[in-house]
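Hi,

Here is the structure I promised to pass on. Have a look at it first, and then read on for what I found.

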Amino acid sequence: QVQLVESGGGLVQTGGSLRLSCAASGRTFSSLGMGWFRQAPGKEREFVSAITRSGSSTYNADSVKGRITISRDNAKNTVYLQMDSLKPDDTAVYYCAAGSRCYDGSRSCPVASTYDYWGQGTQVTVSS
């Protein structure tokens, strides 16, 4: 089992920045690909960003390209999502996910079913 705890969400104005963190425990972190997904009220959960087990490859949704950066620190068992130039459309609950099937060369990192473990989510609200 893997436990994931997100933090760093909050209320920010349009154009502001937030850095989300997701701390993992229960399994060797370096064996896990990590993803971020979000779900806005009344909408389906959507892919935001992912990083492979090695950290060599990252994937970003078109809606956030150029505005977000995903990174991982295997020594701290933590993945980060740096979000800049935030827009009201970014308002959502952001979920961290972990799974062993997101690795270099895999095309499944943006797919929610790739991940076996999910955090509880952290709310991000961007005011206009």
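One thing to keep in mind is that this is a predicted model. I'll start with a turn: strands β7 and β8 make a hairpin with four residues between them, and N77, which sits in that turn, has a positive phi of about 55°. The two strands are antiparallel and pair over six bridges; β7 covers residues 68-73.

As for β8 itself (residues 78-83), five of its six residues are buried, so the rest of the structure largely encloses it.

How many of its seven residues are buried? Six are, so β4 too is largely enclosed by the rest of the structure.

β4 has these pairings:
- With β9 (residues 92-99), it pairs in the antiparallel sense over seven bridges; Q39 has V93 of β9 as its bridge partner.
- With β5 (residues 46-51), there are five bridges, again antiparallel; here F37 stands opposite F47.

β4 and β5 form a hairpin as well, with six residues between the strands. G42 in that hairpin takes a positive phi near 80°.

Cheers

Notes. Residues are numbered from 1 along each chain as its sequence is written. This is a predicted model: local features need pLDDT of at least 70, side-chain atom pairs count only at pLDDT 80 or more; totals for chains, interfaces and linings use all residues. Side-chain values use heavy atoms; hydrogens and water are left out. Buried means under 20% relative accessible area, exposed over 50%, partly exposed in between (1.4 Å probe, protein chains only). Two strands pair if DSSP finds at least two bridges between them.
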